[in-house]
Amino acid sequence: MSKSLKRVARVLQDAGLPDTIVEAGEARTAELAAAACDCEIDQIVKSIIFCGRESGAIRLFLTAGSNRICADKASALAGEGLGRADANLVRATTGFAIGGVSPVGHLNPSPCWIDPRLLEFAQVWAAAGTPRHVFAIAPTMLISLADAHVADFVE
């Protein structure tokens, strides 16, 4: 088991949640993950990381699988212009590689916002620290574990 996967499993275990981590095969896209989890595409949590143009700090946005983030809305929430975070910054800050960024278990937690669409489901699926592993969780528990703020930031 990779260090990244172990870190996510530990967060879930420490929260008293059942072990729902599964190997989903190649799940680098929301479509692939939804097919592997036999769920709706919007039950897939996409962890999108941006970098503050002024601060250089990362910001995490958790959105439903079919949604796209509106740059203007996201920047307004972050309080500064945002750009894409490069792979090295993502790994150094979160401890995860792009394609497997979990919403929980980051080495250095950052401000986080969650798409209200995810709250329409009893269960959602998120990356578990690798591009091949996912875990199921109630959206309300995800909000708590990720210290996320519900906000509108999608197109």
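Which exposed residues does the face of H5 turned away from its buried side carry? They are Thr140 and Ser144, where exposed means over 50% relative accessible area, buried under 20% and partly exposed in between, with a 1.4 Å probe and protein chains only. The model is predicted, so local features need pLDDT of at least 70 and side-chain atom pairs count only at pLDDT 80 or more, while totals for chains, interfaces and linings use all residues. Residues are numbered from 1 along each chain as its sequence is written, and side-chain values use heavy atoms, with hydrogens and water left out.

Helices (H or I, at least four residues) and strands (E, at least two) are DSSP runs, numbered from the N terminus. The buried residues of H5 are Pro139, Leu142, Ile143 and Ala146. These residues lie on the same side of H5, because they cover an arc of only 105° around the axis; the arc is that of the directions from the helix axis to the C-beta atoms. An α-helix has 3.6 residues a turn, so residues three or four places apart point the same way. The buried residues of H5 pack against S2, strand S3 (58-64), strand S5 (112-114), S6, S7 and S8, contact being heavy atoms within 4.5 Å.

Just after H5 comes Asp147, with a positive phi of about 50°. Asp147 sits in the loop between helix H5 (139-146) and strand S8 (148-150) and is exposed, with a relative accessible area of 56%. Asp38 is another residue other than glycine with a positive phi, near 55°. Asp38 is placed in the loop between H2 and S2 and counts as exposed at 75% relative accessibility.

Strand S2 is largely enclosed by the rest of the structure, because eight of its nine residues are buried. Two strands pair if DSSP finds at least two bridges between them. S2 pairs with S6 in the parallel sense over two bridges, and Val45 stands opposite Ala126 in S6. With S3, the pairing of S2 is antiparallel over seven bridges; here Phe50 has Arg59 as its bridge partner. S2 and S3 form a hairpin with five residues between them, and Gly56 in the turn has a positive phi of about 80°. S2 also pairs with S4 in the antiparallel sense, over three bridges, with Cys51 opposite Gly83 in S4.

A pocket is an open set of points on a 1 Å grid over the protein atoms alone, where a 1.4 Å probe fits and protein lies on both sides within 12 Å along at least five of seven lines; lining residues have an atom within 4 Å of a point. The largest pocket holds about 500 Å³ of space, a volume being the space filled by probe spheres set on the points, which are joined across faces, edges and corners. Of the 25 residues that line the largest pocket, Arg28, Lys46, Ser47, Ile48 and Gly99 are the closest to its centre. Helix H2 (30-37), strand S2 (44-52), strand S6 (124-127) and strand S7 (133-137) each give two or more residues to this lining, and S2 gives the largest share, six residues.

The second largest pocket has a volume of about 220 Å³. Its lining has 13 residues, of which Ile48, Phe50, Arg68, Ile69 and Arg84 lie nearest its centre. At least two residues of this lining come from each of S2, helix H3 (71-78) and strand S4 (82-84).
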